[in-house]
Amino acid sequence: MENKDFIENSELRIAICDDDKSDREKVHILLQDYLKKNSIKAQVRIFDHPDTLIEECEHYRPHIYILDIVMPMVTGIQAARELRWNQPDAQIIFATSESSYALESFDVNPINYILKPIEKEKFFSTLDLAISRVDIESDKSVCIKIKGGMQTLRLSDILYIEYRNHVVSYHMDNGEIISTPTLRIGFAEYLSENHSGKDFVRCHESIAVNIAAIDKLTKIDITLRGGEQIPVTKSRYSEVMDSYMDFRF
């Protein structure tokens, strides 16, 4: 399995969502059997309603979703569409008793569509494929200097970086703000030294946004996942739009 070393070191995140308690438990048992067999450490969260799944996974951000389709109020496919918007690289597996949704499910590019009762071999081979496609880059981290020492931040937890009064502040998706000591260099130089890749793009002279955190982009502002808005200047809009489109599509 290509990414096994990565998974052993940084833990896979998996979400199960099914409104039927018996089916949830069966999927969970099969999943635990698979993880044990392959010596894979994983965080597994179980949900009984798609609304709760969508709300909590905005921050939990699983690598793999195992979803029932026929659920109250919101179907698994509808939930997957919303989840896919903020996590285009997430692996989605549908496990359902209804075969009639197979064609519609392709709209969210699932890795497989498994009918209940779930066959162990098919489920295991599907998980093999899902894990092989887990994006190592999505769990990149950065070590930054803070007052009194150093701190490691997971890039997917950062919403944006702000520069003010020679201090760089990282705005996290849990509401926390983590700041550097006073710097002797400017914002452009700091970004070049610490974030030279494509994860962040400057949307303002004093703000660099995490492309993966953008939920909506207009010519005057950016709405981040969670609802916070930050400005985008006219001179930087085209660059932000290009980066945003590259990430989404």
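Predicted model: local features only at pLDDT ≥ 70, side-chain atom pairs only at ≥ 80, totals over all residues.

Q: What makes the charged end of Arg45 count as sitting over the ring of Tyr60?
A: The charged end of Arg45 is 4.1 Å from the centre of the Tyr60 ring. Residues are numbered from 1 along each chain as its sequence is written, and side-chain values use heavy atoms, with hydrogens and water left out.

Q: How many aromatic pairs are there by the rule?
A: The count comes to two aromatic pairs. Rings of Phe, Tyr and Trp (its six-membered ring) pair if their centres lie within 6.5 Å; planes under 30 degrees apart are stacked, over 60 edge-to-face, and the rest tilted.

Q: Why is the pair of Tyr34 and Phe124 called edge-to-face?
A: The ring centres of Tyr34 and Phe124 are 5.2 Å apart and the planes stand at 75°, so the pair is edge-to-face. Tyr34 belongs to helix H2 (residues 21-37) and Phe124 to helix H6 (residues 120-132), so the contact ties together parts 90 residues apart in sequence. Helices here are DSSP runs (H or I, at least four residues), as are strands (E, at least two), numbered from the N terminus. Tyr34 and Phe124 are both buried, a word that means under 20% relative accessible area, with exposed over 50% and partly exposed in between (1.4 Å probe, protein chains only).

Q: And what makes the pair of Tyr163 and Phe187 stacked?
A: The planes of Tyr163 and Phe187 are 15° apart, with 5.4 Å centre to centre, so the angle falls under the 30 degrees for stacking.

Q: How do you know whether Tyr163 is buried or exposed?
A: Tyr163 has a relative accessible area of 16%, so it is buried. Phe187, at 4%, counts as buried too.

Q: What makes Leu127 buried, and what does it touch?
A: Leu127, in helix H6, has a relative accessible area of 1%, so it is buried. Leaving out residues up to four places away in sequence, Leu127 touches Leu31, Tyr34, Ile66 and Ile93; contact means heavy atoms within 4.5 Å.

Q: Which residues line the largest cavity, and what makes it a cavity?
A: The lining is Ile16, Cys17, Asp18, Val27, Ile66, Leu67, Asp68, Ala95 and Lys116. On a 1 Å grid over the protein atoms alone, a cavity is a set of points where a 1.4 Å probe fits but cannot get out, whereas a pocket is an open set with protein on both sides within 12 Å along at least five of seven lines; lining residues have an atom within 4 Å of a point. The largest cavity has a volume of about 30 Å³, the volume being the space filled by probe spheres set on the points, which are joined across faces, edges and corners.

Q: How is Asp68, one of those lining residues, placed?
A: Asp68 lies in the loop between strand E3 (64-67) and H4, and at 6% relative accessibility it counts as buried. Its contacts beyond four places in sequence include Cys17, Asp18 and Lys116.

Q: What stands out about the bond between Lys116 and Pro117?
A: A cis peptide bond joins Lys116 and Pro117, with omega about -5°. Most residues other than glycine have a negative phi, and most peptide bonds are trans.

Q: Where is phi positive in a residue other than glycine?
A: Met73 has phi near 70°, and His166 has phi near 65°.

Technical notes
Lys NZ or Arg CZ within 6 Å of the ring centre and 35° of its normal.
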